[in-house]
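Visitor: Hi! I'm new to this one, could you walk me through it?
Guide: Happy to, let's open it up.

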Amino acid sequence: VYPRDWDTKFQDVYVDASGQGYAVGTCGVITRTTNAGMSWTLVDVSESSLDYYSVTCPGDNCDNAIIMGDGVQLSRSGGTFSMDLNEDYQNVRKLHLLSNNVIIGDKNGENYLRSTDNGQSWTTLIATTSRFQGEFMNFYNGTEGYVFDSDKYLNKTTDGCLLYTSPSPRD
């Protein structure tokens with residue numbers, strides 16, 4: 001988008017079915033579109049020095065966006081963003097929007113956060129995911145996904161990351 005008044009390395013984008021969306025990146029850049037990406041405007045947030053890595057819109061409605069970055073979560077509801085600074089949000093590089101208000105925060109493969117209320121509160125997934133260190137999760141629908149464990153065996157979840165099975169045989 002030229003001319004532009006910001007410099008960034010964009011990390012993620014989400015555009016909902018209505019054409020409203022966000023693109024987020026380094027150096028505190030958050031941009032917004034209301035016309036499916038034909039034009040973008042810079043969003044003014046109070047902390048513009050942080051890097052933002054992932055954005056999602058619960059219910060495919062960007063009136064309610066969740067943005068994660070360097071130890072920060074921005075939540076948009078009713079047109080304004082609120083900021084929550086929390087060390088638990090450090091290194092969240094990908095938000096996976098699943099069914100039933102579940103969002104998984106993939107922390108650069110080091111561990112994972114899980115929300116069951118569209119990002120209002122988070123728990124750290126430790127017991128079921130400790131063997132997945134260094135791996136990113138991938139989901140192909142609202143409940144089912146895959147991740148390799150530290151031994152490089154494939155694991156599958158069908159319930160939004162509560163339990164995992166191994167569809168590949170182990171030695």
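Guide: We can go through the strands, the cores, the rings and the cysteines in turn.

Visitor: Before that, what kind of model is this?
Guide: This is a predicted model, where local features need pLDDT of at least 70 and side-chain atom pairs count only at pLDDT 80 or more, while totals for chains, interfaces and linings use all residues. Residues are numbered from 1 along each chain as its sequence is written, and side-chain values use heavy atoms, with hydrogens and water left out.

Visitor: How many helices and strands does the protein chain have?
Guide: The protein chain has 0 helices and 15 strands. Both are DSSP runs numbered from the N terminus: helices are H or I with at least four residues, strands are E with at least two.

Visitor: And how much of the chain is buried?
Guide: Buried residues account for 43% of the 171 residues. Buried means under 20% relative accessible area, exposed means over 50%, and partly exposed lies in between, using a 1.4 Å probe on protein chains only.

Visitor: Which strand does β2 pair with?
Guide: β2 pairs with strand β3 (residues 30–33) in the antiparallel sense, over 4 bridges. Two strands pair if DSSP finds at least two bridges between them. One of the bridges sets Gly-21 against Thr-33 in β3.

Visitor: What sits between β2 and β3?
Guide: The two strands form a hairpin with 4 residues between them, and Cys-27 in the turn has a positive phi of about 60°. Cys-27 has 49% relative accessibility, so this residue counts as partly exposed.

Visitor: Where does β3 go from there, which strand is joined to it by 2 bridges?
Guide: That is strand β4 (residues 41–42), which runs antiparallel to β3. Thr-31 has Leu-42 in β4 as its bridge partner.

Visitor: Switching topic: which residues touch the most other members in the largest nonpolar core?
Guide: Tyr-22, Ile-30, Tyr-52, Ile-67 and Leu-74 do, in a core of 15 residues. Such a core is a set of buried Ala, Val, Leu, Ile, Met, Phe, Trp, Tyr and Cys residues joined through side-chain atoms within 4.5 Å. The elements giving two or more residues to this core are β2, β5 (52–56) and β7 (72–77).

Visitor: What is Ile-30 in contact with?
Guide: Leaving aside neighbours within four places in sequence, its contacts include Tyr-22, Val-24, Leu-42, Tyr-52, Ile-67 and Leu-74. Contact means heavy atoms within 4.5 Å.

Visitor: Which residues are in the other core?
Guide: That core, apart from the largest one, has 10 residues, among them Ile-104, Leu-125, Met-137 and Cys-161. Cys-161 is buried, at a relative accessible area of 1%.

Visitor: Now the rings. How many aromatic pairs are there?
Guide: The count is 2 aromatic pairs. Rings of Phe, Tyr and Trp (its six-membered ring) pair if their centres lie within 6.5 Å; planes under 30 degrees apart are stacked, over 60 edge-to-face, and the rest tilted. Tyr-22 and Phe-81 have ring centres 5.7 Å apart and planes at 75°, so they are edge-to-face. This pair links distant parts of the chain, with Tyr-22 in strand β2 (residues 21–25) and Phe-81 in strand β8 (residues 80–85), 59 residues apart.

Visitor: Is Tyr-22 buried or exposed?
Guide: Tyr-22 is buried, with a relative accessible area of 1%, while Phe-81 is partly exposed at 24%. In the other pair, Tyr-140 and Tyr-146 are stacked, 5.8 Å centre to centre with 20° between the planes.

Visitor: What sits over the ring of Tyr-53?
Guide: The charged end of Arg-93 does, 3.6 Å from the ring centre. The rule asks for NZ of Lys or CZ of Arg within 6 Å of the ring centre and within 35 degrees of the ring normal.

Visitor: Last topic: which cysteines form a disulfide?
Guide: Cys-57 and Cys-62 do, with sulfur atoms 2.2 Å apart. The cut-off for a disulfide is a pair of cysteine sulfur atoms within 2.5 Å, and the structure holds 1 of them.

Visitor: Why is that disulfide right-handed?
Guide: The torsion about the S-S bond of Cys-57 and Cys-62 is about 95°, so the disulfide counts as right-handed. Cys-57 is buried at 0% relative accessibility, and Cys-62 is buried at 0% too.
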